[in-house]
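User: I've got a model open and would like to talk it through. Can you take my questions one by one?

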Amino acid sequence: MTETHAPSAQGAPVPRDRAHDHGRTTIAGDVVAKIAGVAAREISGVHDFGTAPARAFGAFKGRLVGEDGVTRGIAVEVGERQAAVDIDLVVDYGVAIPDLAAAVREHVTTAVGQMCGLEVTEVNVAVDDVYLPSQDESSGMREGARVQ
């Protein structure tokens, strides 16, 4: 958990509880993970998150408990003033992966910084898979061919 910060007159972050003496604000890691997950999903070319086993387990768990999986594939470390984010991605075929990773880093850094007041020290992007739209169609046709 972490404190949020207000900029001082010099622009350096000052913990809110020291600046105002009205109390302490903490932000849970799950909150930062959700913000990072939503921000990353907003980037065109991001298809899904998580490793193959995590996606399979997440789909099963989602059906059982109605969970949307917004934090699947997202890991965060949150300190008092900083956060680090690790993201496992599935990208759409044809997307330039280095450009996509840079866009995800920038968008996640901005979102977490604005919403949480944290300095994001790093956003590590691991591309776990490439989504091929033809895989859905061909796998369905293969199964259909076996059944017939």
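Predicted model: local features only at pLDDT ≥ 70, side-chain atom pairs only at ≥ 80, totals over all residues.

User: What pattern does the protein follow along the sequence?
Analyst: The secondary structure comes to five helices and six strands. Read along the sequence, their pattern is β-β-α-α-β-α-β-β-α-β-α.

User: Which share of the contacts with a separation of 6 or more comes from residues 24 or more positions apart?
Analyst: For background, the protein has 148 residues, and 31% of them are buried. Among contacts with a separation of 6 or more, the share from residues 24 or more positions apart is 68%.

User: Is Asp48 buried or exposed?
Analyst: Asp48 sits in strand β3, residues 46–49. Its side chain makes a polar contact of 2.7 Å with the side chain of Arg72. The relative accessible area of Asp48 is 18%, and the cut-off for burial is under 20%, so Asp48 counts as buried.

User: How far apart are the C-alpha atoms of Val91 and Ser44?
Analyst: Val91 belongs to strand β5, residues 82–92, and is buried with a relative accessible area of 1%. Leaving out residues up to four places away in sequence, Val91 touches several residues, including Gly45, His47, Leu100 and Tyr131. Ser44 is 47 residues from Val91 along the chain, and their C-alpha atoms are separated by 9.2 Å.

User: What is the C-alpha to C-alpha distance between Leu118 and Val78?
Analyst: Leu118 is placed in the loop between α4 (97–116) and β6 (119–131). With 5% relative accessibility, Leu118 is buried. Leu118 and Val78 are 40 residues apart in sequence, and the C-alpha to C-alpha distance is 8.7 Å.

User: Which word describes how α2 is set relative to α4?
Analyst: The axes of α2 (residues 29–41) and α4 come within 9 Å and cross at roughly 140°. An angle has to be over 145 degrees to count as roughly antiparallel, so the word for α2 relative to α4 is oblique.

User: What is the handedness of that crossing, and which residues of α2 make the contact?
Analyst: α2 passes α4 in a right-handed crossing. On the α4 side, the contact is made by Val104, His107, Val108, Ala111, Val112, Met115 and Cys116. On the α2 side, the residues are Val32, Ile35, Ala36, Ala39 and Ala40.

Notes:
Residues numbered from 1 in each chain as written. Heavy atoms only, no water. Helix = DSSP H or I, 4+ residues; strand = E, 2+ residues; numbered from the N terminus. Buried < 20%, exposed > 50% of the residue type's maximum accessible area, 1.4 Å probe, protein only. Polar contact = N/O pair within 3.5 Å; in protein donor to acceptor, adjacent residues only side chain to side chain. Contact = heavy atoms within 4.5 Å. Axes fitted to C-alpha atoms, helices over the stretch in contact; angles between N-to-C directions. Parallel < 35°, antiparallel > 145°, perpendicular 65-115°, else oblique. Left-handed = near helix turned anticlockwise from the far one by under 90°.
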